[in-house]
Amino acid sequence: MNRLAHWQLDAALRAREQALLLRIRRVLQGAQGPHIRMDGAEYLAFCSNDYLGLAAHPEVVGALRTAAADAGVGSGASALICGRHQLHEELEEALAAFLQRPACLLFSTGYMANLGVATGLLGREDVMFSDALNHASLIDAARLSGAAKHRYPHGDTKHLAALLAQHPGRRRVIMTDGLFSMDGDCAPVARLAQLADQTQTALWVDDAHGIGVLGAEGRGTLEHLGVLPESVDLLVGTLGKAFGGAGAFVCGEQATIDTLVQHARNYIYTTAPPPALAAACLAGLRVSQREAWRRGHLHRLVCRFRAGARQLGIPLSDHETPIQPLLLGSEAAALQVAERLQAQSILVLAMRPPTVPAGTSRLRITFSAAHEDADVDRLLEGLAAALPIGTEPVALRS
């Protein structure tokens, strides 16, 4: 008996497919890297967030194996029962020291980290001010907090200043991505910090795509923009991108972290991450610090791509980050170009609503330090062949 038949799920899925918005799952065979095997075919991939090429690094893999042999696989309990391992503590301390913050708290995912901050610190008497292009986890965090929510246009600090003047509250927080995952631009963190100071408002930055990647030492968007670490009250980062592992963390003052331990329900009531995974992430952090050449090589690859795109007349944004969106406008156009690239064994995925705003469907091209110059040149050749003749891509705002 199908008790959900009256929900008309099949009809809704068909409608989504007809609107070219149906998501599909692919299957990776083997390790993550620039050259992958997906659904039985070989591809040169430009769609991963493995920015430093550490997901299959021998030192990271070795740390996981060694720790698993010693500490087992599962943590067995929540962090507040008996699931918090010495390896978790070492990773938290290393991340806090690296990001120059007093304390750090591990979460199982970046989504959980943002939800934990919102529900653990905020309530109905509070006010949140959110960038219009914030990640879905920040949007959902704002909803679940119960706080009043006000959205300002992307990066528009003048509009934000007006909202701050209009909406008092017991506690107020500005929330923003650091490096925006779909547009590849950085939030105006210095100005946001200035507004936060002037209005006694907290500043919360989710720098999942910036930490490890941007800045001379890899400390992320803040370092890249010359913003002092203490200018941001809540810094969220991930372990599943630049550091090659999985999980996430929140950095802040000791009292902030202690409060999250007491009140963040998705930290309190969930099994702690595997200890061996913490060891792998710690190894990834250390490799990223020791091998600064990875960030330099990554930046050179981005510059090579942008120079080649200019020669081909492909309009890009002004942002020289590893996220290079190519806006094509319609869902059909984005899917068509992605399919033409896939036919050339190049994997770049089409991003469509609701992940991006309507009318801004795009290819989200991402680079890794594991890519080589020849890989970038092959991508440019593929794009030259794949872009529709007579169709001008939509220029991304700067």
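Author: The largest nonpolar core has 77 residues, and L363 and I365 are those with the most contacts inside it; such a core is a set of buried Ala, Val, Leu, Ile, Met, Phe, Trp, Tyr and Cys residues joined through side-chain atoms within 4.5 Å, where buried means under 20% relative accessible area with a 1.4 Å probe, protein chains only. This is a predicted model, in which local features need pLDDT of at least 70 and side-chain atom pairs count only at pLDDT 80 or more, while totals for chains, interfaces and linings use all residues. Residues are numbered from 1 along each chain as its sequence is written, and side-chain values use heavy atoms, with hydrogens and water left out.

Leaving aside neighbours within four places in sequence, I365 is in contact (heavy atoms within 4.5 Å) with partners including F46, F305, L379 and L383. A second, separate core of 29 residues includes M128, L138, A142 and V236.

As for the packing, the axes of helix α2 (residues 58-71) and α12 come within 8 Å and cross at roughly 150°, the axes being lines fitted to C-alpha atoms over the stretch in contact and the angles running from 0 to 180 degrees between N-to-C directions. The two helices α2 and α12 are therefore roughly antiparallel to each other, a term for angles over 145 degrees. Among the residues that meet there are A63, L64 and A67 in α2 and A280, A283 and V287 in α12.

How values were computed: Buried < 20%, exposed > 50% of the residue type's maximum accessible area, 1.4 Å probe, protein only. Helix = DSSP H or I, 4+ residues; strand = E, 2+ residues; numbered from the N terminus. Parallel < 35°, antiparallel > 145°, perpendicular 65-115°, else oblique.
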